[in-house]
Amino acid sequence: MKQNLSIIITKLEGGGAERMASNLSILLSEKYNVFLIVFDSTDIKYPYEGQLIDLNIPASNNSLSRLLNLYKRVKLVRKIKKEFNIHYSISLLDGPNIVNILSKSNDKIIISVRNRLSYFIKSSLKRFRIRFLYSQADTIVSLSKEVERDLVDEFKIKSELISTIYNSCDVDHITKLANEPLEDNYKDLFDNYEVIVTVGRLEEQKAHWHLIRAFKKVKQSRPNTKLLIFGKGSLEHKLKQLVLDLELEEDVIFGGYVKNTFKYVSRSQLFAFSSIVEGLGNVILEAMACGVPVVSTDCVAGPREIISPSTDIRSRANNIEHGEYGLLTPVCDGIMHDSSFELTKEESFLAQAVLEILDNETVKEKYRKASRNRITDFSPEVISTMWTDIIGGEKNVYHN
């Protein structure tokens, strides 16, 4: 008889953690009765398996309301755990993790940390809160080895509590979506230009401005290139203004949020990634699943573990680094310089790495093949086995 497992997440609207919750519900539904608990079910964008339970307690910007929401969520989730006799509870992101821990009933608590928390949490009081609460979990699953190291070094969480499991990537599903036809305007774009693509929220963490500034240099060497950016976010206006100031308005296309980015990524010459901090960089995996060469900044954490897994995770690129599965460049300074400011050294390296692939068909084909080879390590079968071992208590098998 199947045991009962809950997955707790804020929403299924968008984002890497939300997508992973969706994937986990599908991966684990064959072995467990899955109950997918969301704080707010409006605007669901990802498929899921199991029974969806909507707490109907959306986020609030008011401090007092947030505390009240936390109390309500904990009370409801604890009730759900008892009512459905939940044996295991998996949560993703800080809010759901805290609710999962505080609502403990007779279940095994498994929390998932998706980012390098020390980058976002500077307050010593907040760090103490994370250390105290997260240490109450039965198991902490980190998204990458660098995220695991961050929890140990910066938050003083015992290493034996933590294991690393990467995101899964369903190549067959992505390939099916990648083969969908293009709209006429995009078909014209890919038929007539060399397209560089990137995907990610238009927020500070993703640092799209560095890629846009680097693209100016790429464009000077290869006039037939276009930069296609998919994503929405608070920096959209500033990024579009930078494009105007650089006189690239005909060459940088903002595609907004689209459900299927794979049909565009798969037809691109390369995937470029300019983040200054990550938990893993799931879009890199998805680009590899599309068989596209990858150029990424060597930000903490994730890209190095994907692109150059044989190297020390503490290493940092100080030049263009030729990894087994793509090119790494030094992480940029995170400052949004205006159009008059000379390219930084790191932005120049990013531009040079892009040009190295565009200028050389042999290099391009080498990394196309490398992408297809690497992505097999992230197959749903491999990752679901890791999760079931963690759930079943065999976490040391995959402890890093």
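Buried here means under 20% relative accessible area, exposed over 50%, and partly exposed in between, with a 1.4 Å probe and protein chains only. Helices (H or I, at least four residues) and strands (E, at least two) are DSSP runs, numbered from the N terminus. The model is predicted: local features need pLDDT of at least 70, side-chain atom pairs count only at pLDDT 80 or more, and totals for chains, interfaces and linings use all residues. Residues are numbered from 1 along each chain as its sequence is written, and side-chain values use heavy atoms, with hydrogens and water left out.

Strand β4 covers residues 88-92; five of its five residues are buried, so β4 is largely enclosed by the rest of the structure. Y88, I90 and L92 point one way from β4, while S89 and S91 point the other way. Two strands pair if DSSP finds at least two bridges between them. Strand β1 (residues 3-9) runs parallel to β4 and is joined to it by four bridges, with I8 opposite S91. On β5 (residues 108-113), which also runs parallel to β4, there are five bridges to β4; the bridge partner of Y88 there is K108. From β4 the chain crosses through helix α3 (residues 94-102) to β5, and this β-α-β crossover is right-handed (with the strands pointing away from the viewer, the path from the first strand over the helix to the second runs clockwise).

**The seven-stranded sheet**

An open sheet of seven strands has the order β10-β9-β8-β11-β12-β14-β13, and its pairing is mixed. Its edge strands, each pairing on one side only, are β10 (252-256) and β13 (321-323). From one strand to the next the twist averages 25 degrees. Angles run from 0 to 180 degrees between N-to-C directions, and axes are lines fitted to C-alpha atoms, for helices over the stretch in contact.

| Strand pair | Bridges | Bridge partners |
|---|---|---|
| β8 (residues 194-199) and β11 | two | I196 and L270 |
| β11 (residues 270-273) and β12 | three | A272 and V295 |
| β12 and β14 (residues 326-329) | three | S296 and L328 |

Strand β12 (residues 294-297) has V294 and S296 pointing one way and V295 and T297 the other, and all are buried. Together with β11 and helix α12 (residues 282-289), β12 makes a right-handed β-α-β unit.

**Helices α9 and α14**

Two packed helices are described by the angle between their axes and the distance between the axes. For α9 (residues 208-221) and α14 (residues 345-359), the angle is about 50 degrees and the axes are 8 Å apart. That makes α9 oblique to α14; angles under 35 degrees count as roughly parallel, over 145 as roughly antiparallel, 65 to 115 as roughly perpendicular and the rest as oblique. The crossing of α9 and α14 is right-handed, the term for a near helix turned clockwise from the far one by less than a right angle, and left-handed if anticlockwise. Contact means heavy atoms within 4.5 Å. On the α9 side the contact is made by H210, L211, R213, A214, K217, V218 and S221. The α14 residues in this contact include E347, S348, L350 and A351.

**Residue R127**

R127 lies in helix α5 (residues 124-134) and is buried, with a relative accessible area of 19%. Not counting residues up to four places away in sequence, R127 touches S118, I121, K122, E154 and F155.
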